[in-house]
Amino acid sequence: MPINYYLFLSLALFTIGMVGVLTRRNAIIIFMCIELMLNAVNLLLVAFSKMHHLKNLALNASVGTDGQLFVFFIMVVAAAEVSVGLAIIVMMYRNIHSVDIQFLNRLKH
Amino acid sequence: MNVTPYIFWFLSVWALFSALMMVTSRNPVYSVLWLISTFFAISGHYILLNAQFLAVVNIIVYAGAIMVLFLFVIMLMNLNKETEPQKNRWLKLVGALAGGCLLLVLVAALKDAELKSQQAMVGAGSIGLIKVLGKELFTRYVVPFEISSLLFLSAMVGAAVIGKKEITHQNS
């Protein structure tokens, strides 16, 4: 497949995630949109790694594994991030009994 | 007859539709389910690119673990359509417009990029297999791998510390 198609698909997914962050007020949905943006980047990294592999196949048979390992590490970091972020959201819900981010525009009560 | 383009278009339409439904659905539980559907479509893309390890990890970690965590939190807070906070219509419109402008600028900047004629290798190549990636992960990338285990430990401790109920000191 041409790399352009993957590029535009990833851009569209990233933009959908961005629009979700801008238009929703539920903190959990905003968090999910961030996950969607991370996944768009992951897809593009894998596509580029395969492109790089095809281009430099004659030089080195294992070229392009770096990109896929980056995707692996992004997933690791995302898993850690989700656990801490959801703990923060649960704490916020316990304090203000809502997940509406509009209530967080002031940091003191 | 080559079926790869058809699979690609099917997976792309599936991913985009699920992502749009995720952003637009009112009920947070439906949002989670649509996001899981998006992750399955992206895993299909990984399989198409012969990145089998990442496809499996994506399903196990994202669709399996992370989304279940989201679902647990949503059900714990008893969120549904009635309690869902709403922005006013103009703010939503402006947000969508800003996102559309971002997409327009990025596409316009990248559509004549130099890599237009490059191809991504589809359905072939062995770099996505567990054998190759595992060998690389435990030789050249062993230090980042160990550091990520420390990251997990700190995230676990952090989540437990943040999430636990505060003990009220009555006699202090």
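**Entry 1: ground rules**

I call a residue buried under 20% relative accessible area, exposed over 50%, and partly exposed in between, using a 1.4 Å probe and protein chains only. The model is predicted, so I keep local features at pLDDT of at least 70 and side-chain atom pairs at pLDDT 80 or more, while totals for chains, interfaces and linings use all residues. Residues are numbered from 1 along each chain as its sequence is written, chains are lettered from A and ligands numbered from 1 in the order in which they are written, and side-chain values use heavy atoms, with hydrogens and water left out.

**Entry 2: aromatic pairs**

I looked for rings of Phe, Tyr and Trp (its six-membered ring) with centres within 6.5 Å; planes under 30 degrees apart are stacked, over 60 edge-to-face, and the rest tilted.

I picked Tyr6(A) and Phe8(B): their ring centres are 5.0 Å apart and the planes meet at 75°, so I note the pair as edge-to-face. This pair crosses between chains, from helix α1 (residues 3-23) of chain A to helix α1 (residues 4-24) of chain B. Helices here are DSSP runs (H or I, at least four residues), numbered from the N terminus. Both Tyr6(A) and Phe8(B) are buried. They also belong to one aromatic cluster with Tyr5(A) and Trp9(B).

**Entry 3: a pair inside chain B**

Next I checked Phe17(B) and Trp34(B), an edge-to-face pair with 5.5 Å centre to centre and 90° between the planes. Phe17(B) sits in helix α1 of chain B and Trp34(B) in helix α2 (residues 28-48), 17 residues apart, so this pair links distant parts of the chain.

The domain assignment, which is automatic or from a database, gives chain B domain 1 (4-128) and domain 2 (129-165).

How many residues of each domain are in contact? I find five of domain 1 and four of domain 2, where contact means heavy atoms within 4.5 Å. The buried area (accessible area, 1.4 Å probe, that two parts lose on being put together, summed over both) is about 480 Å², with 73% from carbon and sulfur atoms. Phe53(B), Ser126(B) and Ile127(B) supply 69% of what domain 1 buries against domain 2, more than any other three residues.

I also looked for salt bridges (a side-chain nitrogen of Lys or Arg within 4 Å of a carboxyl oxygen of Asp or Glu), and the count between the two domains is zero.

Key: Helix = DSSP H or I, 4+ residues; strand = E, 2+ residues; numbered from the N terminus.
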